[in-house]
Amino acid sequence: MSTLKTTAQFFALRTLVRGYALLGDPYAGVMASPPDRDPYPMYEKVRAKGDMVRSRMGAYVTPSRAICDSVLRDSRFVTATFDEASMVPITLVQNGEKIVNPVQDSFLMKNPPDHTRLRKLVQPFFTPRALKDCTESIKKIVTGYLDRLDDRFDVVAEFASQVPIQVIADLLGVPDENKALFARWGSSLAETLDGVWSHKQLKNLHATIVEYNDFIDVLIDERRRDPKDDIVSHLVAQHDDLSREDLVATTGLLLFAGFETTVNLISNGVLKAFENPHTVAPLSQSPEYAEGFVEEVLRLDPPVQYTIRWPGERLELAGVSLPKGMPVMLMLAAANRDPRIFKDPLKFDPTRSNAREHLAFSAGIHYCIGAGLSRIEGSIALHELFKRFPNLVADGPVTRRKSKLIRGALRLPVRANETKRSLVVK
């Protein structure tokens, strides 16, 4: 695909989406919304239109928790990549060969039987027993990074990103000196998960994926020569059953998903604590309260805002006839605020009895394989952070991530001081 052709396509797509968004189209509204704008009022406008809202862009949008859950568990619906959802399919190549995308080419975007086969290979590392065994090491990692902090620091750069990166690096057996690459790769990939919308984005994505592929290829070769007690060595041992693409994509998905969701969970949790100061004391005092706090953060301000499914056959959903291939945007963040499921849904309540009914980690066969790990990391990190800094306050503007799909802070400056400043989000 030539640069001229892709630039023209991106321009046409942006113009189309922005035009429909101005007309109140729900699908276009999500796609065209600036990443730094609060999306929740827009979601409520969609909810006011009904459970299944038709988009002029050839899709349906649903804010219903019941419908979202039903679709996620229905084998007749298949996954759709966000490249496909953006309507400009992208295939990245280098020297005439396809470059493996750690998200788009992973089992996250595959359907059975490939999804089942690949997910099964890594499932043993994320069972409750396996996660229980690594809880103490997570506490040590959290404490270690807290010990490095001064009275002023950036929550994201110096803590929220460092903890999950260290955890997943240990699980994958990645040397410490390579950890700095993960955050950069994560930010680059996160910005394109809801589609590539410009030639600049495409160029940055290409550079990131090439660098990532080279890194993973070297890591796999090293583990093949010298196996360790880590996930990569385990996958390499199954190499006869895995193509290079599956091996590289699976490793990369764990690397990316292993910290990208959690860093945003932690940053969103800090913001919720600032907005709800009455929760800080119990959060700092009780690990059990911290667990409930994390569930309520996941419900009210989830890191992943939506997902997309396609019917693999003509079918009916909530009284609507859907032809094969009709995209359905599942507004997970809106579903988590469904008043039919959650009483007083806009209230942040860490003691909410049914908070875990949220869909922040999806549902069905694509339920996040690392959900348990993310919960443990999030609750330990937030509990220990406010235990160490009970008077933590904002110390400047919060900068949001440049993604409509992934919601979290890119920069979150704070200080340990009793003189509180107002929180500014830009």
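Which residues are buried in α9? In this predicted model, they are V163, P164, I165, Q166, V167, I168, A169 and L172.

## Helix α9

Helix α9 spans residues 162-172 and is mostly covered. Of its 11 residues, 8 are buried. Buried here means under 20% relative accessible area.

The buried residues of α9 pack against several helices. These partners are α7 (128-147), α8 (155-160), α10 (179-190), α12 (231-237), α13 (244-275) and α17 (371-388). Just after α9 comes G173, with a positive phi of about 75°.

## Packing of α7 on α17

Two of the helices that the buried residues of α9 pack against, α7 and α17, also pack on each other. Their axes lie 10 Å apart, at an angle of about 35°. The crossing of α7 past α17 is right-handed.

From α7, the contact draws on L131, C134, T135, I138, K139, V142, T143, L146 and D147. From α17 come G372, L373, I376, E377, I380, A381, E384, L385 and R388. By class, the residues of this contact are 10 nonpolar, 3 polar and 5 charged.

## The five-stranded sheet

An open sheet holds 5 strands in the order β1-β2-β10-β7-β3. The pairing is mixed. β1 (53-55) and β3 (77-79) stand at the edges. Each has a single partner strand, so one side of each has no neighbour in the sheet. From one strand to the next, the twist averages 35°.

Inside this order, β2 (residues 59-62) and β10 (residues 328-330) run parallel. They are joined by 3 bridges. V61 stands opposite M329 in β10.

## Helix α3

Helix α3 covers residues 40-49. Its buried residues are Y40, Y43, V46 and R47.

What do the buried residues of α3 pack against? The partners are α2 (26-32), β1, β2, α15 (287-300) and α16 (332-335). Two of these, β1 and β2, belong to the open sheet described above. Just after α3, G50 takes a positive phi of about 130°.

How values were computed
Residues numbered from 1 in each chain as written. Predicted model: local features only at pLDDT ≥ 70, side-chain atom pairs only at ≥ 80, totals over all residues. Heavy atoms only, no water. Buried < 20%, exposed > 50% of the residue type's maximum accessible area, 1.4 Å probe, protein only. Helix = DSSP H or I, 4+ residues; strand = E, 2+ residues; numbered from the N terminus. Contact = heavy atoms within 4.5 Å. Pairing = 2+ DSSP bridges. Axes fitted to C-alpha atoms, helices over the stretch in contact; angles between N-to-C directions. Left-handed = near helix turned anticlockwise from the far one by under 90°. Nonpolar A, V, L, I, M, F, W, Y, C, P; charged D, E, K, R; others polar.
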